[in-house]
Amino acid sequence: MLLVLCVDLDDDLGRKTDVETPVVGRDAVEDAAVALATADPEDSDVNVLFQGVHVADEVTDEAVEVAAVTGNDGGDVSANREVGEEVDEVLAGLSTGEGVTALIVTDGAQDESVVPVIRSRVTVDGVRRVVVRQAQDLESVYYTMKQVLNDPETRGTILVPMGILLLIYPLAVIASMLELPGGVVFGVVSALLGFYLLSRGLGLMQAVDTLIGRARNSLYAGRVTIITYLVAAALLVIGGVSGLNQLESVRAGTADTLGALEVLAALVHGAVQWFAAAGITTSLGQITDEYLADRLEWRYLNAPFYVVAIAVVLEAVSAYFLSLTNLSYLAAALTGGTLLGLVSTLAFAVAESRFPRDAERDRDPA
C-alpha cells in the first residue's frame, strides 16, 4: 500500500478550520482542502492537500490511501513530535497486512525537516514539493535565509565581519569631522576584524562564553568568590606595578647593568606582598563558598597558610639577591616558611581525623 502523507508542519489546517487531524481518506482530505481554501485562499498548504488527492487518483497499480498530518506552531521540535504521533495514529488505523510505503507531500523546505521523523516510522518512497509556479523556490530561499540568521554560529561568522567592514565608512566620516588621520580608522577596524577572526579560528569565543556563563551562575548563586576574584585581580595589577617600581628603584640605585637574576628578584620583591594578598583573598573566598555549600574539608584551610609561607620564602630570597638582607635572615625565613607549611598541614590533618566533617554531615538530625 502507498500512503500519501500531506504534511502541514505549522498546523495551518487545525488553526484556520475546525477540521480535526489526522485526516484520513481521499474524500476527507479533499473536504479539508476545501475548508482551508475557504478560510485562507492564499495558504500554500491548500495546494499540498489537493496535490495529495491528485497523487492518490493517479495511482492505479496498487492500493493507495491519502492522509493529512499536522504539527503545531510551537517550534520545530514539538511540531516534529506531533507529526510523528499523528503518523503513528494513521499507520495504526490502516487495515492492511501489506507493507506500507509513504510518499510525502509538502509545500517547502521547512516542512521537509520532518522527513526523518516520518522515515523512522515508515519506508519513504519520495518527497514531492508543491510550489506555486509564480513563486517557485521563493519559500526555499526565504527559509534558508531565515535558518542562517537564526543560527548563532552562522550569524556570528558572517554578520559580525560584515558589520565591522560596513563600519569603515561611518568611522572615516567621524574621524574626518574630528580631524583625525584616516589611517587610524582603517587600523582600528582591521585590528577589530583581525582579533575577531583570530578568536574564531582559535576557538576563544567558546572559552569567553564559558567564563561569562560561570560568572553569571556565580552571581545568581551568591558566591563570594566572584567578589574575591575581582579584588584579587586588582591586587595582581597593583603588584605588577609595584614590581616595576621596585625594578626602576633598583636600577636607579646602581650604576651597573642588572642581570636577569637581579631583574627577576626586583620584580618579585616588589610584587610578592600584593600577590600574596591576592592569593589569600581568593583562598578565603573559596573556603567561604565551600563552607556555605557544606562541602568544606579541614585540609582546605591550608591554602592561606601555604600562600603566606610561599610569600615569606620568595620575599626573603629576592631580598637576598638584591643585597637587602643577610644570609641569616634568609635562613630564618626559609625555616619559618617551611615550618608554617608543615605545622598547618599536620594541624588540619589531625583536626580532620579527630573531627571529620563527613560524619557531621551524615549524622541523622533526629
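Which residues of helix 4 are buried? I began my entries on this predicted model with that question. I found A79, N80, V83, G84, E86, V87 and V90 to be the buried residues of helix 4.

**Entry 1: helix 4**

I next looked up what these residues face. The buried residues of helix 4 pack against strand 1 (2–8), strand 2 (23–24), strand 3 (64–70) and helix 5 (115–119). I also checked the length of the helix. Helix 4 covers residues 76–93, and its 18 residues should span 26 Å at 1.5 Å a residue. The end C-alpha atoms are 26 Å apart, which agrees.

**Entry 2: the whole protein**

I recorded the overall figures. The protein has 15 helices and five strands. Of its 366 residues, 33% count as buried. Among contacts with a separation of 6 or more, 67% come from residues 24 or more positions apart.

I then turned to helix 14, which runs over residues 327–354. Its 28 residues reach 40 Å from the first C-alpha to the last, close to the 40 Å expected at 1.5 Å a residue. At the start of helix 14, a side-chain oxygen of N326 comes to within 3.4 Å of the backbone nitrogen of S328. I listed L330, A333, G337, G341, S344, F348 and A351 as buried in this helix. Helix 13 is included in what covers them.

In helix 13 (residues 302–321) I examined S318. Is S318 buried or exposed? Its relative accessible area is 4%, and because the limit for burial is under 20%, S318 is buried. The side chain of S318 reaches the backbone oxygen of L314 at 2.9 Å. Setting aside neighbours within four places in sequence, I found S318 in contact with A265, V268 and H269.

**Entry 3: salt bridges**

I noted 10 salt bridges in the structure. R299 and E352 meet in one of them through their side chains, at 2.9 Å from N to O. R299 lies in the loop between helix 12 (260–292) and helix 13, and E352 lies in helix 14, so the pair ties together parts that are 53 residues apart in sequence. R299 is partly exposed at 46% relative accessible area, and E352 is partly exposed at 22%. Elsewhere, salt bridges that share partners join R26, D27, E30 and D57 into one network.

The closest N and O atoms of its salt bridge with D27 are 3.4 Å apart. The side chains of R26 and D57 also meet in a salt bridge, at 2.7 Å from N to O. This pair links distant parts of the chain, with D57 in helix 3 and R26 in helix 2 (residues 26–39), 31 residues apart. D27 counts as exposed at 53% relative accessibility, whereas R26 is partly exposed at 31% and D57 is partly exposed at 43%.

**Entry 4: F50**

Which residues does F50 contact beyond its neighbours within four places in sequence? I found E30, A33 and V34. F50 lies in helix 3 (residues 45–58) and counts as partly exposed at 35% relative accessibility. The C-alpha atoms of F50 and C6 are separated by 9.1 Å, although the two are 44 residues apart along the chain.

**Entry 5: a nonpolar patch**

L167, Y169, L171, V173, I174, M177 and L178 make a nonpolar surface patch of about 730 Å². One of these, I174, lies in helix 8 (residues 168–177) and counts as partly exposed at 44% relative accessibility.

Definitions and conventions. Residues are numbered from 1 along each chain as its sequence is written. This is a predicted model: local features need pLDDT of at least 70, side-chain atom pairs count only at pLDDT 80 or more; totals for chains, interfaces and linings use all residues. Side-chain values use heavy atoms; hydrogens and water are left out. Helices (H or I, at least four residues) and strands (E, at least two) are DSSP runs, numbered from the N terminus. Buried means under 20% relative accessible area, exposed over 50%, partly exposed in between (1.4 Å probe, protein chains only). A polar contact is a pair of N or O atoms within 3.5 Å; within protein, one must be able to donate a hydrogen and the other to accept it, and residues adjacent in sequence count only if both atoms are side-chain atoms. Contact means heavy atoms within 4.5 Å. The expected span of a helix is 1.5 Å times one less than its number of residues. Patches are made of residues with over 30% relative accessible area and no salt bridge: like charges are joined within 9 Å, nonpolar side chains (Val, Leu, Ile, Met, Phe, Trp, Tyr) within 5 Å. Accessible areas come from the Shrake-Rupley method with a 1.4 Å probe; for residues, only the protein chains shown count as cover. A salt bridge is a side-chain nitrogen of Lys or Arg within 4 Å of a carboxyl oxygen of Asp or Glu.
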